[in-house]
Amino acid sequence: MADQQSVYNPLDEEHVEQVAGTKPRGLEKEIHEGALPPVGVLELNLERYVGDFNERIIGAYAAGTGERSLPADVGVARSLIPPGTGALRDFSYIAPEIPLFDHTKCVGCMSCVTECPDTAILGKAIPRSHLEAELNAVADPQERESIRAQWAVTRKYYEVFEKKGEEGALFGIFVDPTKCKGCAECVEVCDSLGYHALRMVKKDEQTIPRYRGWFNFFRQVGPTPRAYINERALADMMLSDDALLYVGGAGSCMGCGEATAIRMMLAATGFVHGAEAVGIVAATGCNTVYGSTYPYNPFLVPWTNSLFENAPAVAMGVRARWDQRGWQQKKLWVIGGDGAMYDIGFQALSRMMASGMDINVLILDTQVYSNTGGQASTATFTGQDAKMAVVGKAAPGKRERRKELALIAMMHPDTFVAQTTAAHINHFYRAIMAANEYPGPAVVSVYTTCEPEHGVADDRSSCQAKLAVDSRAFPLFAYDPRKGERIKERLSLAGNPAVNDDWYRLPNTGEVVDFIAFARTEGRFAKQFDVEGRPSETLLYAREERLQYWRRLQELAGIR
């Protein structure tokens, strides 16, 4: 039977004919040759391309006809999305509520602006005379007064300047209804500081036009003068347009902790070094899904997407080429999550750190594979309930101990390492700025709350990150090889509460804040408590494991 079958041989007559082009062509199916240029496929008229993309491609997707009406043209083949197209995305109708600002309670701390994952709430400080002139240009008296109510007289931007004999600036907070997803993270961080200057109100057909009018005024009133941006108050950086390099419009979940970390990394890098000096290599993961959902791109800097496992290797190639072109001053960041950095991509990360190349890495540590549905990673906490490590009668959840990637990074030659959270604004910004200044590999590992996989509410990103630090689940530290020869000279635990103690205690009640207290607030550990609220043996083991980790850090820092 085998002798009677036709055996494939690429050198036989039939296939030679095919290669030579003598075989009759098959039936044509739907093609779109009209959209393909006859020559110069790799050439790009950038201005024409961006204009066509924003009008034709964005327009079709905004109308809901993109997949049916747009051809597979050369733009799709290139996979090029112009910068900032996320600004054209409209989320006005996805949430029932929106934040309302009370100017009488605002102090201008900028926490709400900093912690928003969607660039939906922004601030400005505008000198009184300029602001009054702009307000007087508003013809409708009722509209004028409603806009005036968005501006606060604060000590920080007004009274301090007036006392120095200089013109004070009014501080305004404005919400973009097309970007706000209604997570209420801004309200939570404001309340946690005791200011209560924001509250959620119902979003309806009367609310949206009013917010759009306010935000249009915010856009046209002009930028915050540099004199009112206090560079020692790091949260002020987002007053500058140079720091707003992530425009929103991304498809991230409500309250996403990752998006806030990316926004803040770009803010610190762009504010200090300029938007033209930043580039990103993104490893496949959640950040690339919500950061490049065609045709929307929230980034205003060059950005490319690689695989789960090789983004640091791709960055090494980009860095080498940049250096050849004399671009040593440009800051190159690699972004990746648990899979890209802890697991399948760890070898590429280790190789990059060993290379000594001037590349920065932002690890978005969600302790789970968020992008693929919540499987356990090596960053998952012991006892955590996750896919592939489910809590049940046969198994107590994640059995293994968590890998401490930041500690491993410290053991690579002359690598700057920081472990931080976006909720610790000054610690985070200092870590990013130090990584940018460091002339070699730098790794910044960030605790990022993943609401659906952690089992917490949409407004808990900052709150849970603070609790992770307070409970020693995820301590803050910075390791700078420039500080000295010995590890204890290089490693700083500044920023953690009660640095010399095992556990932090609440000042008012004396209650111990340990890993059990942290786990009690998250759904991923809910099955580790019985009906009386008593923790399981697995969770008690996890508590001890976290304590040993904290003591190891204390020892390395010369505290124990």
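I count a residue as buried when its relative accessible area is under 20%. The model I am reading is predicted.

**Strand β9**

I began with β9, residues 360-365. Six of its six residues are buried, so the strand is largely enclosed by the rest of the structure. I then sorted the strand by face. Asn360, Leu362 and Leu364 lie on one side, and Val361, Ile363 and Asp365 lie on the other. Both faces are covered.

Next I looked up the neighbours of β9. Strand β8, residues 331-336, runs parallel to β9 and is joined to it by four bridges. In that pairing I found Ile335 opposite Leu362. Strand β11, residues 442-447, also pairs with β9 in the parallel sense, over six bridges. There I noted Asn360 opposite Ala442 of β11.

**The β2-β4-β3 sheet**

I turned to an open sheet of three strands, in the order β2-β4-β3, with antiparallel pairing. Which strands stand at its edges? They are β2 (121-127) and β3 (151-152); each has a single partner strand, so one side of each is left without a neighbour in the sheet. I followed β2 to its partner β4, residues 169-175, and recorded seven bridges in the antiparallel sense. Ile121 has Val175 of β4 as its bridge partner.

**Helix α19**

I checked burial along α19, residues 461-470. Seven of its ten residues are buried, so this helix is largely enclosed by the rest of the structure. I listed the buried ones as Ser461, Ser462, Gln464, Ala465, Leu467, Ala468 and Val469. After the helix comes Arg472, and I noted that its phi is positive, near 70°.

**A nonpolar patch**

Leu44, Leu46 and Leu80 make a nonpolar patch of about 250 Å². I located Leu44 in the loop between α1 (13-20) and α2 (46-62). Is Leu44 buried, partly exposed or exposed? Its relative accessibility is 36%.

Methods: Residues numbered from 1 in each chain as written. Predicted model: local features only at pLDDT ≥ 70, side-chain atom pairs only at ≥ 80, totals over all residues. Heavy atoms only, no water. Buried < 20%, exposed > 50% of the residue type's maximum accessible area, 1.4 Å probe, protein only. Helix = DSSP H or I, 4+ residues; strand = E, 2+ residues; numbered from the N terminus. Patch = residues over 30% accessible without salt bridge, like charges linked within 9 Å, V, L, I, M, F, W, Y side chains within 5 Å. Areas by Shrake-Rupley, 256 points an atom, 1.4 Å probe, with all protein chains shown as cover. Salt bridge = Lys/Arg side-chain N within 4 Å of Asp/Glu carboxyl O. Pairing = 2+ DSSP bridges.
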